[in-house]
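Colleague: Hi! Could you walk me through this one?

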Amino acid sequence: MAGIELLSDQGFRIDGRKPKELRRIQCRLGVFKQADGSAYIEQGNTKVLAAVYGPHETAGGRGKALHDKVLVNCQYSMATFSTGERKRRPRGDRKSKEMTMHLQQTFNAAIMTSLYPRSQIDIYVEVLQSDGGNYCASVNAATLALIDAGIPMKDYVCACSASFVKDCPIVDINYLEESSGGPELIVATLPKSSQIVFLEMNSRLHEDNLSKVLDVAVKGTKDVYQVLDNAVRDHISEVAAFHKLDQS
Amino acid sequence: MADDFKAARPLEYYRKFLEKDVRPDGRELGEFRPTILNIGCISTAEGSALVKLGNTTVMCGIKAELATPKTEEPSNGYLVPNVELSPLCSPMFRPGPPGEQAQVLSHFVNEVLDRSGCIRKEDLCIQTEKLVWVLYCDILCLDYDGNVADACILSLLAALKSTRLPAVKYNEETEKPETDSAKLEPLHILSNPVSSTFAIFDDRLMFVDPTVKEESLTTGTVTIVTNDNDLCIVQKPGGSPLTADQINTCFERAFSRSKEVLRLIDETLHSIER
Amino acid sequence: MSMATKDIYVPGQRICQLDENIICGQGTYDKNGFVYSSRAGYLHKLQSQDGKILFEVRTNVETTTVPSIDALVTARITNVTPRFCKCAILSVGRTLLRETFRGQIRKEDVRATEKDKVEMYKCFRPGDIVVARVISLGDAQSYVLSTAENELGVVIATSEAGSTMVPISWCKMQCPKSLAEEFRKVAKVQPQFIQYSGT
């Protein structure tokens with residue numbers, strides 16, 4: 001887009017961040033009472049809610065139930081007021097269905113599915129305000145919600161996006177940077193073991209630059225992990241303190 | 001032990017509390033749950049509000065678009081409300097097209113907007129026969145803990161009050177609208193509809209603002225929408241019969257609730273402007 | 001004896017090295033010779049008689065469980081037919097479930113003796129609360145439960161007159177208001193666990 005400098009000469013991005021700097025992340029666990037686990041996350045201006053129900057009996061007859069694993073069911077939905085132009089179909093369009101499938105595959109790898117045969121876990125993600133990095137924020141929110149619900153997982157799942165502008169890899173891209181047409185790499189990892197669970201790349205990127213961008217994105221997920229971990233630990237100690245007060 | 005009794009015999013559990021004129025969460029029969037209001041939380045929407053009525057959480061977002069008016073009403077804009085009860089908010093709802101309850105609520109919100117006249121459709125007109133505003137009011141329930149109707153109306157009113165629309169002029173020669181995003185004007189809100197829901201238990205007792213557990217045990221409900229000092233809508237869809245006295249007590253409580261709510265909205269709006 | 005430590009563990013965090021004395025309990029898993037946590041919570045160490053230590057990671061908040069084989073469950077009877085009865089499982093052990101699971105009790109699993117002479121309508125009625133044991137994960141429809149032990153069977157039942165009945169023998173209960181006796185397969189609950197309320 002002519003006229004908009006994604007990366008200024010001094011090395012600052014449109015919103016004033018340095019190339020390797022993540023947006024500010026604020027998150028909270030246990031925001032809803034009806035859901036077994038819930039979380040709210042704000043990454044810059046992107047606001048996402050996640051709710052987890054389960055494990056419970058498979059809905060829609062036990063025909064779909066797996067005899068040795070739990071069925072992970074996801075739904076990704078964007079609120080109609082979440083984007084600049086009103087979104088006519090909050091879910092059911094191709095992009096949402098693709099995101100839903102990606103989320104399902106990602107979490108199938110992380111949840112210990114063999115513990116709950118013939119049952120179902122539902123993960124619902126709702127994007128309230130969208131400013132780029134929807135998938136990443138959804139994955140992070142869903143991880144927090146699953147931890148809040150007490151569902152056993154092998155590790156956290158943290159996601160981060162990255163792009164390449166003017167020979168410089170930038171991390172955690174927002175909507176303007178996404179729509180400028182540059183390459184977009186989204187990666188979701190299990191941070192402790194540095195294993196990649198999900199990887200997607202759009203647009204063209206020279207193979208020499210690939211490792212640079214991938215490294216920056218994986219480092220981004222480790223930074224995200226720090227923030228999420230702190231939030232989880234704070235939440236656990238708060239809940240324990242609340243219960244002790246309750247019992248005493 | 002109390003939890004087991006509550007699960008096995010919910011009706012008996014509730015009866016024991018109601019005999020003493022109190023409810024399991026400690027509220028009196030005429031007491032609403034604590035209400036929290038957060039206005040202007042979504043910056044991509046022209047107006048937004050988040051309401052927490054106890055645990056029931058409802059978010060309303062207002063998006064405005066330009067459109068041509070209907071031929072039979074050339075100087076009227078439109079208001080399109082829509083209520084969504086997604087499976088996110090409760091295990092009762094399944095994914096798929098809007099269920100019965102969501103459709104009934106959408107229709108209810110539409111009635112409230114129509115009858116209360118809080119926004120005049122003529123005010124949304126920019127140029128007769130050519131250009132009008134369409135306000136899409138999308139209400140999303142995030143946590144269903146009973147009494148969603150009251151929360152929806154409250155969030156809608158708060159969101160409408162916080163809506164800022166850019167000034168638009170219709171250029172006669174090019175037949176195109178010219179928006180000036182720098183100038184933002186608030187909507188003209190002519191009246192303040194506020195809703196109060198009462199639940200009937202065991203054909204005799206009435207209490208206000210039922211939670212989801214209470215809703216499943218009630219034998220009937222009454223919803224009253226007041227509009228400043230007038231009654232706007234009274235809805236009693238079947239259920240146990242009531243005497244005129246009981247309905248009069250409901251009216252009084254609905255009016256006093258309306259004052260509480262309007263004060264809350266004003267305080268919240270003032271604190272934002274500061 | 002369970003000892004809760006002050007340390008918070010999160011999913012994927014390594015707890016310690018795996019050796020023969022350590023058993024991985026709820027909330028933990030083992031991989032590559034190490035014990036990792038799979039949930040967020042406090043670490044509990046339980047010492048069992050044979051010197052083995054059981055590691056568990058949990059919080060005070062109860063999380064949903066799923067009925068497993070040999071678990072004792074509390075269920076509410078929903079349908080009764082001559083061959084089996086359907087019920088809704090309300091809680092597993094002491095944990096109350098958020099959403100009920102479907103269960104069924106077949107005619108031959110109601111009693112341990114005289115299995116073929118059982119009349120379902122004289123053992124259970126819809127609305128009764130029973131304690132049963134899960135014997136199989138079941139088929140496409142529901143879990144299979146059994147009440148073929150003395151301590152299993154109906155614990156709370158409402159008479160036709162509407163009040164809670166009092167058990168008189170292993171197969172009969174009496175309504176305190178109308179003094180009518182009705183047949184049920186009654187659970188023999190230890191006397192010290194019974195608490196009668198004013199009704």
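Predicted model: local features only at pLDDT ≥ 70, side-chain atom pairs only at ≥ 80, totals over all residues.

Colleague: What's the helix and strand share of residues 155-220 of chain A?

Modeller: That span is 27% helix and 41% strand, and its end C-alpha atoms lie 17 Å apart.

Colleague: Moving to chain B, how many residues does helix α3 have?

Modeller: Helix α3 of chain B has 17 residues, 100-116. From first C-alpha to last, α3(B) reaches 24 Å, close to the 24 Å expected at 1.5 Å a residue.

Colleague: Which residues in α3(B) are buried?

Modeller: L105(B), S106(B), F108(B), V109(B), V112(B), L113(B) and S116(B). Looking down the axis of α3(B), these buried residues fall within an arc of 160 degrees, so they line one face of the helix. On the other side, E100(B) and H107(B) are exposed.

Colleague: And what covers the buried residues of α3(B)?

Modeller: Several elements of chain B, including β4 (78-85), β6 (131-143), α4 (148-162) and β9 (193-201). After the helix comes G117(B), with a positive phi near 65 degrees.

Colleague: New topic: how many residues of chain A are in contact with chain C?

Modeller: 30 residues of chain A contact 24 residues of chain C. On the chain A side, β3 (46-57), α2 (134-149) and α4 (207-247) each supply at least two residues.

Colleague: Which element gives the most to that side of chain A?

Modeller: α4(A), with 8 residues. The chain A side that touches chain C divides into 14 nonpolar, 7 polar and 9 charged residues.

How values were computed. Residues numbered from 1 in each chain as written. Chains lettered and ligands numbered in written order. Helix = DSSP H or I, 4+ residues; strand = E, 2+ residues; numbered from the N terminus. Expected span 1.5 Å × (residues − 1). Buried ≥ 20, exposed ≤ 12 C-beta atoms within 10 Å, placed from the backbone. Arc of directions from axis to C-beta. Contact = placed C-beta atoms within 7 Å. Nonpolar A, V, L, I, M, F, W, Y, C, P; charged D, E, K, R; others polar.
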